[in-house]
Amino acid sequence: MVSRGWAWARRASRSIRSIAGARAAVRMLAGSWDVRRRKRPEPLASLVRQFAGQASGSHGLEPAEVIELAWLMCRASRGGGHGNCLERSLVLFRGLGEAGARPELWFGVRADDARDGHVWVVLDGVAAGDDPATLGA
């Protein structure tokens, strides 16, 4: 049986197809760690403004490649799983913007429990990487 680490490494090697992709992957991994470190002490609006204005290294990449790399790097920063939606969405939002797309950052909370929320990125009216069926639940 193949370990999760080897499976991730194999997928990463298929996803990173250029020097620009490798540069973006490293910046996205560092960005995910940066969001995790800063998200509790900083107000969300301030974090979004500051983070969205930083470079991600994704200039010249296609949006689909940016989406794949952001999900992959945010999983790696957490040791597997899907990562944290705020970290992943800020990394993706920044990367898509730098790649020339016009992403939107969306926030939602459950009507019956305001402590249960989700953050996702919308690109051209479609959730970028998130399953749209889960966003309406």
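Helices are DSSP runs (H or I, at least four residues), numbered from the N terminus; axes are lines fitted to C-alpha atoms, for helices over the stretch in contact, with angles from 0 to 180 degrees between N-to-C directions. The model is predicted, and its local features need pLDDT of at least 70. Residues are numbered from 1 along each chain as its sequence is written.

**Exercise 1.** Determine how α3 and α5 cross, and which residues make the contact.

*Solution.* Step 1: the axes of α3 (residues 44–52) and α5 (residues 85–98) come within 9 Å and cross at roughly 35°. Step 2: contact means heavy atoms within 4.5 Å. From α3, Leu44, Leu47, Val48, Phe51 and Ala52 take part, and from α5, Leu86, Leu90, Val91, Phe93 and Arg94. Step 3: these residues divide into 9 nonpolar, no polar and 1 charged, where Ala, Val, Leu, Ile, Met, Phe, Trp, Tyr, Cys and Pro count as nonpolar, Asp, Glu, Lys and Arg as charged, and the others, Gly among them, as polar.

**Exercise 2.** Identify buried residues of α2.

*Solution.* Buried means under 20% relative accessible area (1.4 Å probe, protein chains only). The buried residues of α2 include Gly31, Asp34, Val35 and Arg38.

Technical notes:
This is a predicted model: local features need pLDDT of at least 70, side-chain atom pairs count only at pLDDT 80 or more; totals for chains, interfaces and linings use all residues. Side-chain values use heavy atoms; hydrogens and water are left out. Helices (H or I, at least four residues) and strands (E, at least two) are DSSP runs, numbered from the N terminus. Buried means under 20% relative accessible area, exposed over 50%, partly exposed in between (1.4 Å probe, protein chains only).
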